[in-house]
Amino acid sequence: MVLLGTIVNGAAIVVGTLVGTVSSRIPERMKTTIMQGLALVVAVIGLQMAMKSEQFLIVIGSLVLGGMLGEYWDLEGKLNQLGKWIEMKTGAASEGSVAQGFVTATLVYVVGAMAILGALDSGLRNDHSILFTKSLIDGFTAIMFTATLGYGVLFSAIPVMIYQGMIALFASQINQFVPQSLLDAFIAEVTSAGGIMILAIGLNLLGIIKIRVANFLPALLIAAFLVTCVYLVQTNFL
């Protein structure tokens with residue numbers, strides 16, 4: 001079943017959120033310490049991912065162009081509006097908690113190498129091992145996020161399943177038209193660009209700076225486009 005890994009991943013986030021709601025009685029000082037620890041881990045993971053690039057100019061270009069598009073479209077604002085709409089419909093007691101939990105968790109779960117690689121493996125080889133591993137990580141992270149950011153984390157399961165499910169379903173078509181060398185380059189540069197975004201999320205969680213991370217999401221598509229352009233130039237003219 002092509003979507004098995006994606007379904008398990010979504011279920012892990014839901015279960016983690018439910019467990020996290022029970023942990024909501026944790027004292028505020030302990031919550032702060034847990035969140036700081038989690039933020040540091042997220043930042044380190046992002047830094048490791050950022051180092052995967054083999055053509056860092058592509059990463060720089062994708063972040064600049066992607067950031068410009070994201071600001072123009074105001075993706076951060078739209079994601080927050082969606083979170084606040086969910087907040088209104090669910091009658092959240094604390095204004096902003098659902099939106100923050102939804103946006104933060106969605107970005108962490110979607111922007112990463114495991115989401116792309118796992119979905120590709122599910123679609124190409126019917127191998128769900130990467131997404132099963134990601135499910136364990138996401139489930140545990142959901143517990144911590146829910147305990148500190150609220151139950152808005154629950155709704156992040158929806159975009160995660162849509163995103164990974166679409167990659168898995170179209171993976172066979174991708175494999176037919178995209179050479180392996182191009183696919184490897186694509187994964188490396190998208191992982192690096194995504195890693196920088198993950199690092200920014202960690203900095204946001206630490207309260208060091210406020211970066212509108214969602215506005216950089218178009219950088220992932222720009223990175224794929226630039227990698228393709230470089231590949232075509234190299235194969236045709238070198």
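**Entry 1, the largest pocket.** I am working from a predicted model. I began with the largest pocket, which holds about 770 Å³ of space. I found 27 residues lining the largest pocket, and Ile116, Tyr163, Ile167, Leu220 and Leu221 are the closest to its centre. I then sorted the lining by class: 25 residues are nonpolar, two are polar and none is charged. Next I asked which helix gives the most to this lining. It is helix 8, with six residues. Helix 4 (75–90), helix 5 (97–110), helix 6 (113–125), helix 8 (157–177), helix 9 (180–206) and helix 10 (218–237) each supply at least two.

Of the 19 lining residues, Ile45, Val108, Met114, Ile137 and Asp138 lie nearest the centre. Helix 7 has the largest share of the lining, six residues, and helix 2 (28–50), helix 5, helix 6 and helix 7 each bring at least two. By class I get 15 nonpolar, two polar and two charged residues.

How do helix 1 (residues 4–22) and helix 7 (residues 129–149) pack, and at what angle? I read an angle of about 25°, with the axes 7 Å apart. Angles under 35 degrees count as roughly parallel, so helix 1 and helix 7 are roughly parallel to each other. Their crossing is right-handed. Among the contact residues I listed Gly5, Ala12, Gly16 and Gly20 of helix 1, and Ser135, Asp138, Gly139 and Ala142 of helix 7. The contact residues divide into 10 nonpolar, 10 polar and two charged.

Note on methods
Residues are numbered from 1 along each chain as its sequence is written. This is a predicted model: local features need pLDDT of at least 70, side-chain atom pairs count only at pLDDT 80 or more; totals for chains, interfaces and linings use all residues. Side-chain values use heavy atoms; hydrogens and water are left out. Axes are lines fitted to C-alpha atoms, for helices over the stretch in contact, and angles run from 0 to 180 degrees between N-to-C directions. Helices (H or I, at least four residues) and strands (E, at least two) are DSSP runs, numbered from the N terminus. Angles under 35 degrees count as roughly parallel, over 145 as roughly antiparallel, 65 to 115 as roughly perpendicular and the rest as oblique. A crossing is left-handed if the near helix is turned anticlockwise from the far one by less than a right angle, and right-handed if clockwise. Contact means heavy atoms within 4.5 Å. Ala, Val, Leu, Ile, Met, Phe, Trp, Tyr, Cys and Pro count as nonpolar, Asp, Glu, Lys and Arg as charged, and the others, Gly among them, as polar. On a 1 Å grid over the protein atoms alone, a cavity is a set of points where a 1.4 Å probe fits but cannot get out, and a pocket is an open set with protein on both sides within 12 Å along at least five of seven lines; lining residues have an atom within 4 Å of a point. Grid points are joined across faces, edges and corners, and a volume is the space filled by probe spheres set on the points.
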